[in-house]
Amino acid sequence: MAGRAHIVGGGLAGLSAAVHLVRAGRDVSLYEGAGHCGGRCRSYFEAALDRRIDNGNHLLLSGNRAAQEYLDVIGRPDGLPGGQPGGLVGPDRAAYPFLDLATGERWTVKMGAGRIPWWIFSAARRVPGSTPWDYLKALKLAGAGAGDTVAGCLDGANPVFAKFWEPLAVGVLNTSAEEGSAALLWPVIRETFGRGEAACRPLIARVGLSETFIDPALAFLTERGAAISLNTRLRELGMENSRITALEFNTGSITLAEDDTVVLAVPPAPAAGLVPELAVPTESRAIVNGHFLLQRDAPDMSFLGLVGGTAQWLFVRGDVASVTVSAADALAEKPVDEIADILWEDVARALELGSAPLPAHRIVKEKRATFAQTPEQVKRRPGVRTRWGNLFLAGDWTDTGLPATIEGTILSGRTAYETVMISSP
Ligand SMILES: Cc1cc2nc3c(=O)[nH]c(=O)nc-3n(C[C@H](O)[C@H](O)[C@H](O)COP(=O)(O)OP(=O)(O)OC[C@H]3O[C@@H](n4cnc5c(N)ncnc54)[C@H](O)[C@@H]3O)c2cc1C
């Protein structure tokens, strides 16, 4: 009989590995160092707003196949009107509305249905002032080398760059276009925009990240007998003869049986502290989110790309407007009151609220939101296997071939599951 899979880290990577392993009939124990699961992808009650909010706005694309498969397995808690699957919601068609905060210009990029992007030949569907050729240049990303950056590959002087490709690349890579890896952006373009309109609809969690990705996974696991331990932090791995033999937690130690396996699904810094000589990405980039309580209900589920200001993406859910700034290391250094003023000015302009005073708000700085997705750091991503035969890695920083997003994270967990199944049949 196959041994127990011990999964360390209850973020999406660990949950994805756990869910797939339990579904395959394996015995699973999951250990999470914090008092809750979800890691960087979770919801919580925010007293300043008297609302439940997400730690950060998370945008998915309908072509994110690993994420959709994961949701199919754990179950989608809500059946939704409008043809959207429960749990995630977005517009019926792939449309990306933008506002230039500096000039007030608004435009919407609307993709077409087929794989061949005929839509780029319609001026009404493109960035104003752009030509079809400006979009076809993005195919250069397909041939990007490991050392190429997004800005190096795409023409920065081109109108489509600042008004579409750059905000997209910074949002996906959480790294400036000047530094971000072009080769890492390409699979996202290929799997979404390259597959036509149905694969590139923007989606967000309808209620919250935890309600969509975390709580149903925990219910799935507990209903099927998985053991979940919170406040259980791994301090050391016991190793002998190229195998992991023990797990030393703050709460006590566990001796592993001969066939047991371990999936380490913690961020890169703790992983490097636990696994000797493990090379991991060492640099990270911040994401700053501002959540503002609106005086009135704004249109539900709206989102808007912003250029020409500080805020980059605006989401409105109920009466809370939330803005995201990626690759935000400089902004994250500022005091929260200053950040709130800066971001509220952008929100008020985008929602045409005039000189409305700063409302109840919360600024969330995630200083190590993701690893820095530069060509140099991407090279440091390790694979799923380690030199310990029963130790496997998962997480958005491992070598998934995808950026550090929900899709890449869930894929990493699934890859860990597949590797455990092969290594310990
Ligand atoms: C503000 C923000 C906005 C984002 N926006 C998007 C977006 O729009 N779209 C998108 O797709 N992605 C987005 N992401 C990225 C996405 O959230 C991450 O890629 C994903 O959540 C990473 O999951 P993970 O499981 O790899 O890591 P984590 O979520 O960090 O999980 C690791 C877990 O391990 C636990 N742990 C650490 N050390 C130990 C230990 N020693 N023992 C036990 N447990 C331990 C931690 O407590 C944590 O729960 C965003 C991230 C942030 C922070």
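## Close-up views of a predicted model

**View 1. Two neighbouring strands, β17 and β18, pair side by side in this predicted model.** Strand β17 covers residues 313–317 and strand β18 covers residues 320–325; five bridges link them in the antiparallel sense. As a reminder, strands of a sheet pair through backbone hydrogen bonds, and the pairing can be parallel or antiparallel.

**View 2. Stepping back, β17 and β18 belong to an open sheet of seven strands.** Reading across the sheet, the order is β8-β7-β16-β17-β18-β15-β19, and the pairing is mixed. Which strands stand at the edges? They are β8 (106–110) and β19 (361–371); each has a single partner strand, so one side of each is left without a neighbour in the sheet. If you compare neighbouring strands here, they are turned by 25 degrees against each other on average, direction ignored.

**View 3. Another open sheet has three strands, in the order β11-β12-β13.** Its pairing is antiparallel. The edge strands are β11 (234–240) and β13 (252–255), and each of them pairs on one side only. Neighbouring strands of this sheet are turned by 25 degrees against each other on average, with direction ignored. Now follow strand β12 (residues 243–249): four bridges join β12 to β13, and the two run antiparallel. At one of these places, F249 has G252 in β13 as its bridge partner.

**View 4. The ligand sits among 33 residues.** Which of them come nearest? They are E32, R40, H58, L59 and I406. An N or O atom in the side chain of H58 is 2.7 Å from a ligand oxygen, and a backbone N or O atom of L59 lies 2.7 Å from an oxygen atom of the ligand. For G33, a polar backbone atom is 3.0 Å from a nitrogen atom of the ligand.

**View 5. The largest cavity has a volume of about 50 Å³.** Rolling a probe the size of a water molecule over the atoms shows where empty space is left. How many cavities of 30 Å³ or more does a search of the whole structure find? The search finds two. Around the largest cavity you will meet D134, K137, L154, D155, N158, V160, F161 and W165. By class, this lining has four nonpolar, one polar and three charged residues. Helix α5 (residues 159–173) gives the most to the lining, with three residues.

How values were computed
Residues numbered from 1 in each chain as written. Predicted model: local features only at pLDDT ≥ 70, side-chain atom pairs only at ≥ 80, totals over all residues. Heavy atoms only, no water. 1 Å grid on protein atoms, 1.4 Å probe; cavity = no way out; pocket = protein on both sides within 12 Å on 5 of 7 lines; lining within 4 Å. Points joined across faces, edges and corners; volume = space filled by probe spheres on them. Nonpolar A, V, L, I, M, F, W, Y, C, P; charged D, E, K, R; others polar. Pairing = 2+ DSSP bridges. Axes fitted to C-alpha atoms, helices over the stretch in contact; angles between N-to-C directions. Near = heavy atom within 4 Å. Polar contact = N/O pair within 3.5 Å; in protein donor to acceptor, adjacent residues only side chain to side chain.
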